[in-house]
Every structure is written in structure tokens, then in C-alpha cells.
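Please look through the structure shown below and follow the notes that come after it.

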Amino acid sequence: MLVSLSVVLMVMDHRFKSLESVRNTLSLLVYPIQLIVEIPGTVTDWLDESLATRRKLQEEVDSLRTQQFMQQAQMQKFAALQAENIRLRELLDSSFEIGEKVLIAELMSVNLDPYKHQVVINKGELHNVYAGQPLVDADGVMGQIVHAGPYSSTAMLITDTSHAIPVQVNRNGLRTIALGSGTINRLELPYIPNSADIQPGDLLITSGLGGRFPQGYPVATVSAVQHDPGNAFASVVATPLAHLNRSREVLLIWPGHTTDINSVVSAPVEASAEKADTEAAPENGEAADNHSTAADTATATP
Amino acid sequence: MIGSRQHGGGVIAFTFIIALLLTVIPLPEGLRFLRPDWVGLVLIYWCMALPHRVGVASGWFMGLMVDLLTGTLLGQHALSLTVIAYITLKFHQRLRLVPVWQQSLTVLVLLVLHQLLALWISRIIGRPGVPWYFWMPSVLGMIIWPLVYVTLRGLRRGFRVS
């Protein structure tokens, strides 16, 4: 009887979303275990911070100060560029979003199934985390939330074999889909025609299609392109930019919730979304995301 | 009667919690694939030693915990641990009689069965195949079984769990 119950559970979990709430509630039961496992990591972090020498701290402060200075200098230009970009887009009658609401979360040092690329973060539904939410680190897109529990959530990395992310080549806007390969430093782009203009070193950014990942975040760089005349598609491999197995701090993004960074611009541009984009590439939007519904596609604007 | 039945329930729960902790405790990248199935080992022991206390239902519940903890399909571990618990209960009297190294071999068979079920399920839902070292946890489980056995027996006798 229990066997059949398990089978029913599995089928329901796999096919329908109805078990999501059950799973979230039950995950409260295992949360203490995650916390206990977390303790050694927290303790070493704390020791590391409190036992650091004055000299080391000073060096760190110095380097951070230099870094902040440099970045602030770049930001001056960024504000001007942003304003210009929005003005130009206004002329083209299309909207573009810069700056989403973000929240810093920390990875919990919990190992999950080694054959699935998943991580646990220490923010949950109480912090308004929801399933399907994008997750980035300082260098690029990491993945998306798959289960949001009350206090902690599970995220799937972009390299998981069941993950797909809609991307475009930054250089020329070529749109395609990057699939996870199951190897932590490798993404595959199987749907690129042999004749397409793509070369090693190209930066891939999120295209915003599929409505799940906001547009413009760096995802990966193309590492190898192989043209086989016998195949319809070129085999293209890319390396994720995010430090998928090293980052400890991650950013949760709420697409559509703009921060005050946008208030720099006097007149925010409204509506008419990325109509041109969705029409241009229906086949991409269709397969965009294993977990998203196609209906999500045009909901990226607030 | 009821008082004696309840005796030591905390110890059993405690060992299961330790097993769950060991299931998710961070390991170095290379060793992650070699993690033995602690919950399975502990479950086999209790099913063998105290079949009237720990049985199929406990196996199912622990499996559900493992599923929640490791983010696998809800019910996957529940199913395979239920099967393991059932087989162990069937053969618990024979298992008790044989020396520990022979028990190890049985444990290997049970753990491989556990992994085989997991593999089937993951293939059914369309995940890719696995490398050869997928099976290492079972072999490792066999190797450390005597240790688990002696430790848990010590606990059981020390706390007079019956």
C-alpha cells in the first residue's frame, strides 16, 4: 500500500504542481536538520572573521575601497548611458528595464543529490521568494528557484540537465537556448544553425524571452564552436560565468519590481513590451524554459 | 507493557536524525559521489534488530524525509526504502544468524536494489544515465556495514532498546 502511495506521490510531484504546497509545508520538518548541518560552516566563518588580524583587515578594507572607487567612477558613466538608452528606446517605442528589486541570500552548506545541480539558500517564502525566481551571483546567472519553503528554498543551477535558459549573443543579438549539460562548467547550445554567426569568446546574455529571467544578465561565454557539415546544427559549448560551485552569496531577483535606480530617469517608459522580440522568435519562446508556461512570455513588464 | 514498548524510541529517532545529517553534510567535491546511504543502513539495522518497532511505515517516512532533504522527486526514496524495509523484515531472522561479513553481502544487495529503483525512477522522468561510480555508495555501504552494525548494537544494548 505504501508502495502505491509512493508511486502516486511521485507521479503527482512530477506531473502536477498541486504537491508544491505540501512539499513546502513538509520542508519545515527537515529545516532543523539543514540548520544543524550548517553549524560547522557558520562557526568557521565566524572564527575566520573574528580571528583575522588587524593588518589583514586593513588590507581588505583598502582593496575594497579602491574597488568601490573604480566602480563608482564607472557608475557615473552608467547613469548617463542608461538615460541615453532609455531615451533611444523611447524613440523606438519599446521599453527596457534596468534595475530590479534584489535580495542577497546565502547558500546553505548542504549537499543534495550529487547528480542534480541544486543548492539550498537561506531565504524562503517569508522573504517573498517564489518558485521560478531567477538567481544570480556577482558574475552571472546561476539558476532559478524550484521549491520555495518557508525559511529556505531549493534552487536549480543552469547546468542541471533539466534546465534550459533563453539567451542571446551579446555581439549580434542572435537568440537561442542554452541547455544544462550535467557538468558544472559546461552549457550546450544545440539549436544553432551551421550558418549562424557565433564564435568562441562570444558573451551570452539572457534574452528575457520566456518571461522568467530578466533581460541582459550575462550567462556564459562561448568556449567552442564546431561545424559539422553532416548535421543541421552546429555543436556549440559555453562556459557559465557565474561561479556555480564556489559562490556563497547570491542575489535573488524580482523581475518587474524596479528599484530607485530607475527613478533617475524622469519619465519611465511604459508598455508595448518586447513585442518585436516575441514575434521574431516564436520557436524560441516556445521551448524557452522547461518549467515555465508559454503564457508567461509577455509578462516581463510591471 | 506499553511502557516497555516505548522504551528507547528516542534512541531510534536519534540514530535516524544522525543518518539524515550525514546524508546532507557537505563533503569535498570529489567525495560527494561516494557518500554511503546512511539512512538505508540505519533502517536495515533497526528492521533486522527490532522488526516490531521499525518497519515498512518507518522506512516510508524516513524516505519521505530524505526526499524533502535532498530535493529528489517526492516519494522516490520513500518507495525504495519501503521495499528495503519489507525485504529486511522478511529475512530478519536469517540475517541475525549469519556472521557480520555475510550480512554485509546482503546489505550490498539491498543497497544496490535501492539505487536501482532510484535509477529507474530517474530514467523514467527523463534524466540522463549515470557513470560507473554511481554504484560506489552501495559498495561503500557494504564496507562500513560492520562498523554501523557494531555501533548501533552497542547503542541498542547500552540503552536497552527493545
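In this predicted model, the buried residues of α2(B) are Val11(B), Ile12(B), Thr15(B), Phe16(B), Ala19(B), Leu20(B), Leu21(B), Thr23(B) and Val24(B). The elements that cover these buried residues include α2 of chain A, together with α3, α4 and α7 of chain B.

**The helix α2(B)**

- At 1.5 Å a residue, the 16 residues of α2(B) should span 22 Å, and this agrees with the 23 Å that separates its end C-alpha atoms.

**Nonpolar cores**

- The largest nonpolar core has 50 residues, and those with the most contacts inside it are Phe16(B), Leu20(B), Trp46(B) and Trp145(B).
- At least two residues of this core are supplied by each of the following helices: α2 (20-50) of chain A, and α2 (9-24), α3 (38-49), α4 (56-70), α5 (76-97), α6 (100-124) and α7 (136-158) of chain B.
- The largest share of this core comes from α3(B), which contributes 10 residues.
- When its neighbours within four places in sequence are left aside, Trp145(B) is in contact with Leu41(B), Ile44(B), Tyr45(B), Met48(B), Val100(B), Gln103(B), Ser104(B) and Val107(B).

**Aromatic pairs**

- A pair of aromatic rings is described by the distance of the centres and the angle of the planes.
- With rings counted as a pair if their centres lie within 6.5 Å, the count comes to 6 aromatic pairs over all chains.
- The rings of Tyr31(A) and Tyr151(A) have their centres 5.3 Å apart and their planes at 25°, so this pair is stacked, given that planes under 30 degrees apart count as stacked.
- This pair links distant parts of the chain, 120 residues apart, since Tyr31(A) is in helix α2 of chain A and Tyr151(A) is in the loop between β4 (141-148) and β5 (153-157) of chain A.
- Tyr31(A) is buried, with a relative accessible area of 19%, whereas Tyr151(A) is partly exposed, with a relative accessible area of 36%.
- Tyr45(B) and Tyr149(B) form an edge-to-face pair, with 5.7 Å from centre to centre and 70° between the planes.
- Tyr45(B) lies in helix α3 of chain B and Tyr149(B) in helix α7 of chain B, so the pair ties together parts that are 104 residues apart in sequence.
- Tyr45(B) is buried at a relative accessible area of 1%, and Tyr149(B) counts as buried at 12% relative accessibility.
- Ring pairs link Tyr45(B) and Tyr149(B) with Trp46(B) and Trp145(B) into a cluster.

Key: Residues are numbered from 1 along each chain as its sequence is written. Chains are lettered from A and ligands numbered from 1 in the order in which they are written. This is a predicted model: local features need pLDDT of at least 70, side-chain atom pairs count only at pLDDT 80 or more; totals for chains, interfaces and linings use all residues. Side-chain values use heavy atoms; hydrogens and water are left out. A nonpolar core is a set of buried Ala, Val, Leu, Ile, Met, Phe, Trp, Tyr and Cys residues joined through side-chain atoms within 4.5 Å. Buried means under 20% relative accessible area, exposed over 50%, partly exposed in between (1.4 Å probe, protein chains only). Helices (H or I, at least four residues) and strands (E, at least two) are DSSP runs, numbered from the N terminus. Contact means heavy atoms within 4.5 Å. The expected span of a helix is 1.5 Å times one less than its number of residues. Rings of Phe, Tyr and Trp (its six-membered ring) pair if their centres lie within 6.5 Å; planes under 30 degrees apart count as stacked, over 60 as edge-to-face and the rest as tilted.
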